[in-house]
Amino acid sequence: MSNMEKHLFNLKFAAKELNGNAKKCDKEEKAEKGKIKKAIQKSNTEVAKIPVENAVCQKNQANNFLRMSAKVGTVAARVQSAVTMGKVIKSMAGVVKFMDATLRSMNLKKISALMDKFEHQFDTLDVQTQQMEDTMSSTTILTTPQNQVTMLLQEIASEGGLDLSLE
């Protein structure tokens with residue numbers, strides 16, 4: 001297994017792990033919604049706000065994990081293309097040994113243009129990968145927006161048929 005294939009495996013694993021983290025956040029969000037419902041049933045609106053904020057935070061975190069997973073998946077697909085292209089080039093090199101006579105009659109400008117395009121694709125992949133890494137490293141957890149807190153609190157109350165009196 002080449003280094004590039006190891007990196008590809010690690011990228012695919014990271015994307016799966018991010019999806020798993022998103023699912024965990026979804027479960028935690030559902031648990032927080034249950035706490036909200038219990039607090040509303042006890043007519044304790046102030047206590048209900050804490051799990052509401054936690055639920056909103058978990059939902060946002062799950063969305064962030066899903067976004068990052070998609071981006072890592074995109075990078076993995078590009079790396080997969082590069083690995084496949086590398087294998088094709090190795091195969092081509094083996095064939096070239098047996099086609100030396102044909103190679104002499106080929107247009108060197110076309111071969112040079114093909115190799116330049118190939119190098120350009122690798123450079124583009126490097127730039128995109130670096131940009132992805134920069135983007136993921138600067139991603140932070142969003143603060144809890146108050147309107148989402150209020151909306152979720154009202155939604156949970158209405159689902160349970162509970163009276164919610166917001167001050």
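Residues are numbered from 1 along each chain as its sequence is written, and side-chain values use heavy atoms, with hydrogens and water left out. Since the model is predicted, local features need pLDDT of at least 70 and side-chain atom pairs count only at pLDDT 80 or more, while totals for chains, interfaces and linings use all residues.

The chain has five helices and zero strands, and its elements run α-α-α-α-α from the N terminus on. Helices (H or I, at least four residues) and strands (E, at least two) are DSSP runs, numbered from the N terminus. Of the 167 residues, 23% count as buried. Here buried means under 20% relative accessible area, exposed means over 50%, and partly exposed lies in between (1.4 Å probe, protein chains only).

Helix 1 (residues 3–41) has 39 residues and reaches 57 Å from its first C-alpha to its last, close to the 57 Å expected at 1.5 Å a residue. The expected span is 1.5 Å times one less than the number of residues in the helix. The buried residues of helix 1 are Leu-8, Ala-15, Leu-18, Ala-22, Cys-25, Glu-29, Glu-32, Ile-36, Ala-39 and Ile-40. His-7 also lies in helix 1; this residue counts as partly exposed because its relative accessibility is 46%. His-7 and Ala-76 are 69 residues apart in sequence, yet their C-alpha atoms are 8.6 Å apart in space.

Helix 1 is followed by Ser-43, which is placed in the loop between helix 1 and helix 2. Ser-43 is not a glycine, although its phi is positive, at about 55°. Most residues other than glycine have a negative phi. Ser-43 counts as exposed because its relative accessibility is 63%.

A search of the whole structure finds four salt bridges. A salt bridge is taken as a side-chain nitrogen of Lys or Arg within 4 Å of a carboxyl oxygen of Asp or Glu. Side chains of opposite charge can pair when their charged atoms come close. One of the salt bridges joins the side chains of Glu-5 and Lys-87, at 3.0 Å from N to O. This pair links distant parts of the chain, with Glu-5 in helix 1 and Lys-87 in helix 2, 82 residues apart. Lys-87 counts as partly exposed because its relative accessibility is 47%.

Another salt bridge, at 3.4 Å from N to O, is formed by the side chains of Lys-35 and Glu-32. Both residues lie in helix 1, three residues apart, or about one turn of the helix. Lys-35 is partly exposed, with a relative accessible area of 48%, whereas Glu-32 counts as buried at 11% relative accessibility. In helix 2, Lys-49 and Glu-46 are likewise placed three residues apart, about one turn of the helix. The closest N and O atoms of their salt bridge are 3.5 Å apart, and Lys-49 counts as partly exposed at 29% relative accessibility.

Val-88, Met-92, Leu-114 and Met-115 make a nonpolar surface patch of about 350 Å². Helix 2 (45–98) and helix 4 (108–138) are the elements that give two or more residues to this nonpolar patch. Patches are made of residues with over 30% relative accessible area and no salt bridge; like charges are joined within 9 Å, and nonpolar side chains (Val, Leu, Ile, Met, Phe, Trp, Tyr) within 5 Å. Accessible areas come from the Shrake-Rupley method with a 1.4 Å probe, and for residues only the protein chains shown count as cover. Met-92 is placed in helix 2 and counts as partly exposed because its relative accessibility is 41%.

The second largest pocket holds about 230 Å³ of space. Of its 13 lining residues, Leu-11, Val-75, Val-79, Thr-129 and Glu-133 are the closest to its centre. Helix 1, helix 2 and helix 4 each supply at least two residues of the lining, and the largest share, seven residues, comes from helix 4. On a 1 Å grid over the protein atoms alone, a pocket is an open set of points where a 1.4 Å probe fits, with protein on both sides within 12 Å along at least five of seven lines; lining residues have an atom within 4 Å of a point. Grid points are joined across faces, edges and corners, and a volume is the space filled by probe spheres set on the points.
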